2 protein chains.
Amino acid sequence: MTSHHPVAFGVDFGGTSVKCALMNSSGGVLARMSFATSEASRPSGWVTRVGDVCADLLEEAGLTPRDLRGVSVGAPGFVDYATGFIHELPNVPGWKSVPLGNLLKQRFLAPVTIDNDVNAMARGELAYGSGRGLGNAVFLTLGTGVGGALILNGRLYRGAYSMAGEIGHTTIDYRGVQSATSIGGLEEYIGNQSISATCREWLGQGRSSSLQAVFREAPESITPRLIAEHANVGDSLAREIFEHVAACLAATLASVSYLLQPEAFVIGGGVALSGELLFVPLWREIRRRLHPAFADRLAIHPASLGVDAGLLGCGAAVFEIG
Amino acid sequence: MTSHHPVAFGVDFGGTSVKCALMNSSGGVLARMSFATSEASRPSGWVTRVGDVCADLLEEAGLTPRDLRGVSVGAPGFVDYATGFIHELPNVPGWKSVPLGNLLKQRFLAPVTIDNDVNAMARGELAYGSGRGLGNAVFLTLGTGVGGALILNGRLYRGAYSMAGEIGHTTIDYRGVQSATSIGGLEEYIGNQSISATCREWLGQGRSSSLQAVFREAPESITPRLIAEHANVGDSLAREIFEHVAACLAATLASVSYLLQPEAFVIGGGVALSGELLFVPLWREIRRRLHPAFADRLAIHPASLGVDAGLLGCGAAVFEIG
């Protein structure tokens with residue numbers, strides 16, 4: 001079926017780098033290349049650069065433009081999937097109201113789809129990673145932001161206006177932290193900056209911790225990764241931070257389970273790399289909040305594709321997997 | 001298409017009464033009859049009684065069993081839709097592990113489906129009421145319990161194991177009220193008993209209110225309906241109760257909007273009848289918690305079918321509408 005058009009060109013458009021690859025339908029990468037976002041950050045230059053990269057990669061792989069089955073981009077912001085229109089990429093200057101789908105269609109002969117980066121990652125994990133075979137799954141990424149994507153009845157669910165899955169803004173406290181987007185939104189508690197801020201707040205209260213020396217000398221260097229390092233060698237304040245993160249995250253996972261009853265959550269992003277430090281208290285907190293009829297049927301999988309999830313998801317989009 | 005089998009037999013199985021009706025595909029009721037749940041509460045007697053009622057109604061409408069297109073039951077509890085198996089009806093003694101679908105198939109020649117009562121109500125509102133034409137909508141019923149049902153991509157969404165939509169157990173406070181099913185579950189704040197309890201708690205603090213006389217003489221007669229009556233004639237404590245309910249409900253509606261981005265919520269049940277008393281503060285609270293990109297595209301509709309929603313939803317199930 002795919003013999004005439006064996007390859008997908010995927011573009012994982014990040015705030016720091018733009019990763020491009022040619023992929024087959026099994027998730028194999030035939031050729032790849034990246035450039036710094038700053039090198040071609042305006043839309044017109046970006047499209048030219050991406051087109052050139054694609055030509056180079058095709059040549060490298062011994063293929064021609066006729067071998068391209070499609071082009072797919074994952075972009076970090078508000079994207080209208082149906083039209084390929086980018087409303088805004090908050091972390092990339094100059095990207096507001098860009099008809100990227102149309103611009104790319106002028107450069108490529110193959111079909112083009114544009115999705116947001118979290119949907120692309122979710123699709124990658126669904127097609128080739130921890131989500132393989134799941135009909136109903138919720139993907140979360142824990143980082144600076146807390147992103148989400150929903151796989152319902154075997155398909156990415158987009159909602160009425162293509163913006164569903166904003167799990168980071170769902171509330172865990174109706175009288176909680178007020179932000180521009182929510183009151184008590186999950187991201188205000190377990191986004192990287194919030195985790196670091198909570199840790200500094202506790203340290204500022206004079207609590208005993210192996211992090212106190214860092215706090216006095218370079219408080220800004222306290223990150224979730226550093227907290228995890230201290231927790232792993234037994235610092236009790238650092239461990240408490242992860243228990244706090246687990247309780248906040250468990251509240252959301254229990255709510256989403258009651259609402260959508262997925263078979264599994266697939267959790268990616270930096271904080272998810274902390275392993276047992278997060279997942280042991282997470283399960284304990286979920287069981288306090290979720291009836292066994294739901295909890296016993298639920299699985300939680302760490303994401304398995306690492307930094308390539310978004311790129312592979314673009315490939316999956318072209319081959320219409322997931 | 002439906003000419004050979006023009007009617008559906010629907011059964012709205014409640015804790016107090018069992019309502020039966022013959023309906024056409026337009027939601028028209030051809031004949032109806034109810035009996036008290038206590039008159040035939042055990043499964044075998046219930047099936048016999050329901051079969052007899054159906055025969056009577058067919059005769060009354062001048063029809064025969066061959067005119068039945070199907071039979072559908074909405075039951076108040078945990079139901080496996082796929083198999084018609086009732087796990088448990090918490091408010092109806094004797095209904096645990098009942099293969100109701102199979103029992104009814106022995107009595108009726110037509111196809112049988114069993115669903116939970118909230119799904120049936122949602123389907124009724126979707127097919128014939130406030131939800132008509134909506135592809136993505138979330139139905140809530142506010143009463144003793146807080147129930148929910150999801151219409152996603154034009155269909156009732158059931159989740160991986162047929163138990164999705166339990167919106168009453170989603171959390172609004174990760175450190176909140178602990179119950180058997182949740183920590184900070186919405187129902188613990190805005191279920192009828194919780195609303196009344198909050199009101200009694202505030203009255204017990206000696207706050208001035210036209211409800212104080214009732215509180216001293218018959219505290220158990222304080223219900224959401226009575227609170228609404230006092231709010232409507234200007235009692236400020238009673239109005240504050242509705243503002244509290246609105247804030248709690250808004251937290252959940254904002255979360256569900258971020259997650260699923262429905263076109264609309266359809267809200268039924270007793271508390272929803274309080275009109276502006278609830279809906280004015282509800283919108284104000286939603287706008288504090290939900291980005292305009294979502295809030296501006298959202299509608300909230302009061303349910304329109306009243307007590308017949310479940311029955312009409314059973315009819316819609318037979319005709320496979322919604």
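**A helix and its contacts**

Tutor: Asp56(A) is partly exposed, with a relative accessible area of 41%. Buried means under 20%, exposed over 50%, and partly exposed lies in between (1.4 Å probe, protein chains only). The model is predicted, so to speak of local features takes a pLDDT of at least 70, and side-chain atom pairs count only at 80 or more, while totals for chains, interfaces and linings use all residues. Residues are numbered from 1 along each chain as written, chains are lettered from A and ligands numbered from 1 in written order, and side-chain values use heavy atoms, without hydrogens or water.

Asp56(A) sits in helix α1 (residues 43-60) of chain A. Helices (H or I, at least four residues) and strands (E, at least two) are DSSP runs, numbered from the N terminus.

Now look at chain B. Asp52(B) lies in helix α1 (residues 43-60) of that chain. Asp52(B) is partly exposed at 39%. Asp52(B) and Arg107(B) are 55 residues apart in sequence, and their C-alpha atoms are 9.9 Å apart.

Next, the rings. There are 12 aromatic pairs over all chains. Trp46(A) and Trp95(A) form an edge-to-face pair, 5.4 Å centre to centre with 75° between the planes. Rings of Phe, Tyr and Trp (its six-membered ring) pair if their centres lie within 6.5 Å; planes under 30 degrees apart are stacked, over 60 edge-to-face, the rest tilted. The pair links distant parts of the chain: Trp46(A) is in helix α1, and Trp95(A) is in the loop between β6 (85-88) and β7 (96-98), 49 residues apart. Trp46(A) is buried at 0%. Trp95(A) is buried at 1%.

The whole structure holds 18 salt bridges over all chains. Each is a side-chain nitrogen of Lys or Arg within 4 Å of a carboxyl oxygen of Asp or Glu. One of them joins Asp115(B) and Arg158(B) at 2.8 Å, N to O. Both residues, Asp115(B) and Arg158(B), are buried. Another links Arg287(B) with Asp296(B), the closest N and O atoms being 3.1 Å apart. Arg287(B) is partly exposed at 47%, and Asp296(B) is exposed at 55%.
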